[in-house]
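Here are some quick notes to go with the model, in the order I'd look at things. Have it open as you read.

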Amino acid sequence: MKYHPWGALILEDAIVAADLHLGLELSLGLPLELHTKKILNRLQTLINEYNASKLILAGDVKDDFGTQFLGPLKYFFKELFKEVDLIVTKGNHDNYIEAIIGDMAEIVDIYTYGNYKITHGHLYVEPEGKTVVIGNDHPAITFKTQTGGARRYRCFLEFDDLIVLPSFNWLSPGNDVLRTFYFSSPNLKKKDINDANVYITDDETIYPFGKLGDLRLKLNELK
Amino acid sequence: MKRVAIKRIEPTYTDKDIYKMLDEDVALWFKTTYRSFTPPQKIAIPEIIEKKNVLISSPTGSGKTLSAFLGVVDELIKLHKQKKLEKKIYALYVSPLRALNNDINKNLIEVLESLKRFYPTDDIKIGVWTGDTTQSERDKMRRNPPHILITTPESLTIMLSSSMLKHLKDLEWVIIDEIHALADNKRGALLSLSIERLAHFKDFVRIGLSATIHPLEEVARYLIGPNRDCLVADVTYSKQFEVDSESVVEDFVNDPSEEIYVKLMSYLSKQVLKHKTTLIFTNTRSGAEALAYRLKQWMKNKLPPEAIDVHHSSLSRAKRLEVEERMKRGELKAIFSSTSLELGIDIGYIDLVIMINSPKSVAKAVQRIGRAGHRLHEVSRGILLALDTDTFIENSIIVKDIREKHYDKTKIVKNPLDVLAQHIIGMAAQDEKFTLEEIRKIVYNTYTFSELPKEQFNKVIGYLTGSSPILRPKIIVDDVVRLHPAMKKFQFFRGVGTIPSEVKIDVVLVEGNKVLGSLDERFVEKLTPGDVFVIASKPYKVVKIWGGTVFVKKASEKEPQVPAWVSEVLPLGYEVALEIEEFRTIAQDMSPEEIAILLQIYPKYAKQIHEYIKNQSHYILVPDQRNFLVERYLEEDKYFYIFHSVAGRRANEALVKVFASIIGRKYGTDVKMVFNDYGFVIVTPSDILLSETEIYQMLNISDDEFISILRETVRHTERFKLRFRHIAERAFAITKVKDPRFGLMGVASSLLENLFEYDPEHPLIEETYNEIINHDLRVEEALDYLKKIRKRALHYVPVDIYSPFAFNILYGMNSGDVFNIRERRELLKELYKKLSLK
C-alpha cells in the first residue's frame with residue numbers, strides 16, 4: 001500500500017481516488033474541459049505506472065451541476081472504462097450517477113478489496129477487522145509562511161483501522177485538520193483526530209509528518 | 001491631431017457680474033443666504049453658465065460643490081420659468097463614495113428647499129441611484145427621471161447597459177467629484193469610458209471637482225479626453241495650512257524603544273486633551289486598532305473609553321456609520337484611521353490632524369491635513385509625527401514641500417486592458433447596439449486609451465470573441481457588437497466594477513450574533529480558537545472558525561494579537577526620495593542650526609539629524625547624490641549586501657528582484673531579499689563573495705535585460721496569481737466568487753497555467769505583467785535611478801558592523817518582506833526539516 005502525492009491510494013492491483021468533484025470548475029466560472037482532462041490524465045498515468053486493473057472512485061465523483069456537464073462526464077468515464085474495471089462507491093453528491101455511467105461502472109456503497117473496505121464515508125461502515133478507506137472530509141493542512149501568508153496542502157490521515165484520503169481534485173479547498181474540530185464522516189468522528197498519522201503532499205512528494213497531536217505541539221514551540 | 005487647449009483661468013468676474021448672469025430669484029437667494037462667492041465659485045460659475053468644460057481644484061469646505069451645481073440649478077429654474085423644463089435628466093453627478101452621494105443629496109435638497117422661498121416650485125427633482133437604492137425607488141426614477149441624478153461609477157456602468165440608458169442620452173452636464181481619487185486608478189478608467197460612451201449620443205459639459213493634485217493639466221486631460229478643450233481653476237492656495245514636522249523624542253538613537261512608545265502615548269494624550277477633536281492617521285489598519293486600544297488604556301483616568309474610536313474599511317458598515325455620526329455630533333475626542341477618512345465626507349469639526357510616521361507623499365499629506373478645519377476660513381492644522389530619524393527627515397522634507405507648494409506628480413492610468421474588456425462587454429449588453437467602429441471611436445476618445453496600440457485593442461476583441469480555445473466568448477461581432485448567448489446580462493451586472501473580490505470573513509460576536517467587522521481571508525488562515533485580537537478597538541477571543549465566519553467572544557484585558565491586514569504599507573514617493581538624497585548631499589557640511597533653517601524645523605530636533613548624518617559619515621560615508629554605497633557584512637554563515645538606494649520601496653523591490661535573480665542563477669543558490677524605501681539587501685551563503693566588478697556589471701545592466709529578468713521573477717509568484725485573478729475577474733474571464741468555501745487562488749492558478757500553455761501573450765497576462773511591473777514595482781523609476789547611480793562613485797565596502805543608515809534598511813519601521821524565491825514547495829520541505837522529522 002502506498003500513498004501517491006497526487007492524492008491517490010495505490011493498492012496491489014488497484015488505484016483508489018476519492019472526491020473527484022468533477023465539474024467543480026463550473027460553479028467557479030471556469031471553462032471545464034481542460035481541468036477535467038487533467039484529472040483524467042493523472043488517473044490514466046497512475047493506471048499505467050502501476051499496471052492497475054481496477055480503479056475505485058471513493059465517492060463524490062461529480063460535483064453538483066446541471067445537465068451541461070453530462071457530455072464531458074460520460075467521455076471521462078468512457079476513456080477510463082477502456083482501460084480498467086471501474087468501481088464507484090456512491091457519495092452524497094453523486095445523485096443520479098447510475099443514470100450517467102451505470103453501464104460502465106459497478107456502483108456500490110461499500111467495496112471490499114483484500115484487507116480494505118472502501119466507501120465514501122458519509123455513512124458509517126463497521127471495520128470488522130479490516131481497514132476502512134474513506135474520502136468525504138477532504139483533509140488538508142495549512143502552514144504559515146514567514147511573511148505572514150499561509151499555504152495549504154492536501155494530506156492523508158491514517159489510523160489503525162481507518163485511512164482518510166484527500167480530494168483528488170486539487171481545486172477543492174479542503175478542511176484544515178489543525179483548525180477543524182468538526183468532521184462529517186461518522187467513522188472519523190469516532191476517532192481522536194490527534195491520533196492520526198498525517199502524510200502531507202505538495203503534489204510532488206509525500207512527507208510523513210507523524211502524529212497530528214505531536215505536530216500541533218511542535219508547531220506551537222516554533223511560534 | 002488637434003491641439004488641445006487646457007487653460008488656467010483667473011477670477012475675472014466680480015460678484016456683481018455673476019449675479020447678473022444668474023436668474024434674478026436665484027441671485028437674490030444666493031445673496032441672502034451666502035453673502036458672497038467663494039474663490040472657486042467666482043471662477044467656475046460663469047464658465048459653467050457659458051457651457052465650458054471646467055476642472056476646479058480647491059480644498060474641502062471651499063464651496064466647490066455648489067459652484068458646480070449653481071449653474072445647473074440656475075438653468076433649470078430659467079427653463080421652468082419659460083415653461084420649457086422637460087421630464088429628463090439634465091445633469092449627472094458622479095462621485096466615488098456612496099456616503100458622499102448621500103451628503104450631496106441632502107445638501108442639494110436643502111438648497112432647493114431654501115430656494116423655494118424665492119421661487120416656489122416643487123418641480124425640480126433630484127434622485128440618487130447607487131447600490132443602496134431600492135428597487136421601488138429605481139422603478140420610480142425609470143418612469144419619472146429626475147433632473148439631477150446622483151450616482152457612483154459602478155452604478156453608472158450598470159445603468160448604461162440597462163433600460164435607464166434612454167434617460168441618459170440627452171445630458172447637458174456631467175459632474176465628476178473627487179476626481180483626484182479616480183484619475184490615477186482603474187476605477188477612474190472605467191468611469192472615463194462610461195462618460196465617453198454617453199457623449200457618443202450627445203456631447204455635454206464636463207465639470208471636474210478635485211482636491212489638491214498635480215499636475216492639474218493631466219487631470220484635466222483625463223476629464224475631457226484628447227479632443228476637447230478645458231479650463232482649469234486652481235484655487236488651492238486659498239486655504240491656510242499650518243503644518244509641522246515633529247518628533248516624539250529628541251534623540252532616537254539613544255532612547256530605548258519602550259521610551260519612545262511611552263513618549264508617543266504621552267504626546268498623543270496631550271494633544272487630544274488640548275484640542276476638541278483630533279484625527280490621527282496611522283498608515284495601517286492594525287496600527288489604528290493597536291494605538292486606539294492603547295490610548296484608551298493610557299487615558300483611562302482622563303477620558304471615557306467611548307471618546308476614542310477607530311474607522312477603517314474592514315469595519316462593518318454599521319460600525320463605520322456609527323463612528324461617522326458620533327464624529328459629526330462632536331462626541332469623539334480622538335479618532336484613529338488608516339486611510340478610510342481621507343476622502344470627502346463631512347465628518348464634523350476636527351481641529352487637528354496628526355499623521356504618525358510618514359504619509360510618504362506630499363499629496364497624501366495635504367489631503368489628510370485638509371480634513372481639519374473643513375470650512376474655508378478655518379486654518380487646517382496638521383502634524384507629521386516621526387518615530388525614527390529617517391522618517392523625521394522624510395517628514396520634514398514633505399512639510400517643506402507643502403509650504404513651497406512643491407507637489408508630487410500623479411500618473412493617470414493608461415491602457416488597462418481588463419477595464420477595456422469589461423466595458424466592451426457592457427457596450428455589447430446595451431439596448432442600443434454599437435458597431436465595432438463606434439466602439440473603437442469611443443475608446444480612443446478617452447485620455448485613458450487615446451494611445452492604446454492598435455494590436456492591443458484587437459487582442460482584447462479577440463479574447464472577447466473567443467479566439468482562444470480556453471476562454472469562452474462573451475461577445476459576437478458582426479454588423480453590430482452584441483452579447484454572446486453564453487454571457488448573460490445579469491452576470492455582467494453582478495461583476496461590474498474594478499474592486500476585486502477579496503473574500504472577507506465576517507467576525508461575529510457570539511452573544512447577540514452581532515457582526516463586528518471583517519477580516520482578510522489570509523489573516524483568518526492563521527487564526528486558531530483561543531487567539532485574541534483587536535477589532536473595532538476592542539479585544540475579542542476566537543471561539544470557533546466555521547464556514548465563512550469567525551465567532552468571537554469579548555476578551556479580557558490581556559495582550560492582544562492585532563489583525564495584520566495585508567499589503568498596506570504606503571510607498572515613499574520617488575520625488576521625495578530624490579529630495580532626501582539631495583538633502584543628504586548638502587547637509588553633511590552643515591551645522592545643526594543650518595539644518596534647522598534648511599528643513600524649517602525646531603533647532604532642538606535638528607541636532608539629532610546632524611548627529612545621525614555625522615555618525616554615518618564618520619563610520620563609513622554618507623550615501624548621497626555623489627556616492628553610491630554598498631556594504632558587505634558577514635554574519636555567521638551569510639553575507640549581507642546592503643545597497644543604499646533611496647528610490648522608494650517600489651523601485652527598490654524591482655531592483656532587488658532583478659539583482660537577486662542574477663546572483664541566484666549565476667551561483668545556483670537560494671538568495672534572500674529585504675527592501676524598503678531606503679535601500680535593499682541581498683543575503684547569500686558565505687561561500688559567495690561578490691567582486692566589485694560583478695556589482696558594477698549588475699548596476700550597468702541594459703534596460704531591456706532588466707525588464708526581461710524582472711518579468712521572469714514576477715511570473716511564478718503568489719502575487720502574480722493573485723493579481724491575475726483580480727484582472728481575470730474584471731475582464732469576466734472568471735466569475736467573482738463570493739462563496740468562502742472555495743479557495744479563489746486555485747481557480748486562478750488553473751486558468752493561468754492553461755493560458756500560459758496555450759496563449760502566453762494573452763491580453764490578460766500582459767495586463768498582469770503591466771500592473772505589477774509598472775504600477776507595483778515602478779520599473780520606470782528603477783531604470784531612472786540606475787541611470788543616476790551610474791553617474792556616482794561606487795563604494796563597495798566590507799564592514800564588521802553595518803552602518804547606522806544600514807540599520808534602518810535592515811530593521812527599520814519600514815522593512816519589507818523577507819521571502820524565498822521558490823515558495824510553496826520550499827516551505828513544506830523546510831518545515832519538515834525544522835521539525836527534525838528528517
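1. Starting with the overall make-up, chain B has 31 helices and 26 strands; helices (H or I, at least four residues) and strands (E, at least two) are DSSP runs, numbered from the N terminus. This is a predicted model, where local features need pLDDT of at least 70, side-chain atom pairs count only at pLDDT 80 or more, and totals for chains, interfaces and linings use all residues. Residues are numbered from 1 along each chain as its sequence is written, while chains are lettered from A and ligands numbered from 1 in the order in which they are written.

2. Of chain B's 838 residues, 49% come out as buried (20 or more other C-beta atoms within 10 Å of the residue's own; exposed is 12 or fewer, partly exposed in between, with C-beta atoms placed from the backbone). Taking contacts in chain B between residues at least 6 apart in sequence, 75% join residues at least 24 apart. A contact here means C-beta atoms, placed from the backbone, within 7 Å.

3. Chain B splits into domain 1 (6-237), domain 2 (241-403), domain 3 (417-495), domain 4 (520-564) and domain 5 (620-826), with bounds from an automatic or database domain assignment. Over C-alpha atoms, the centres of domain 1 and domain 2 of chain B are 33 Å apart.

4. Have a look at α14(B) (residues 389-403) and α20(B) (residues 574-587): they pack at about 105 degrees, axes 10 Å apart. That makes α14(B) roughly perpendicular to α20(B) (65 to 115 degrees; under 35 is roughly parallel, over 145 roughly antiparallel, the rest oblique). Axes are lines fitted to C-alpha atoms, for helices over the stretch in contact, and angles run from 0 to 180 degrees between N-to-C directions. On the α14(B) side the contact uses Ile393(B), Glu394(B), Ile397(B) and Ile398(B), and on the α20(B) side Val576(B), Glu579(B), Ile580(B) and Phe583(B).

5. Helix α23(B) (residues 649-667) has 19 residues and reaches 26 Å from first C-alpha to last, close to the expected 27 Å (1.5 Å times one less than the number of residues). Since 14 of its 19 residues are buried, α23(B) is largely enclosed by the rest of the structure. Gly668(B) follows α23(B), with a positive phi near 60 degrees.

6. Asn808(B) sits in helix α30 (residues 804-811) of chain B. Asn808(B) is buried, with 22 other C-beta atoms within 10 Å. Not counting residues up to four places away in sequence, Asn808(B) touches Asp390(B) and Tyr678(B).

Terms used. Contact = placed C-beta atoms within 7 Å.
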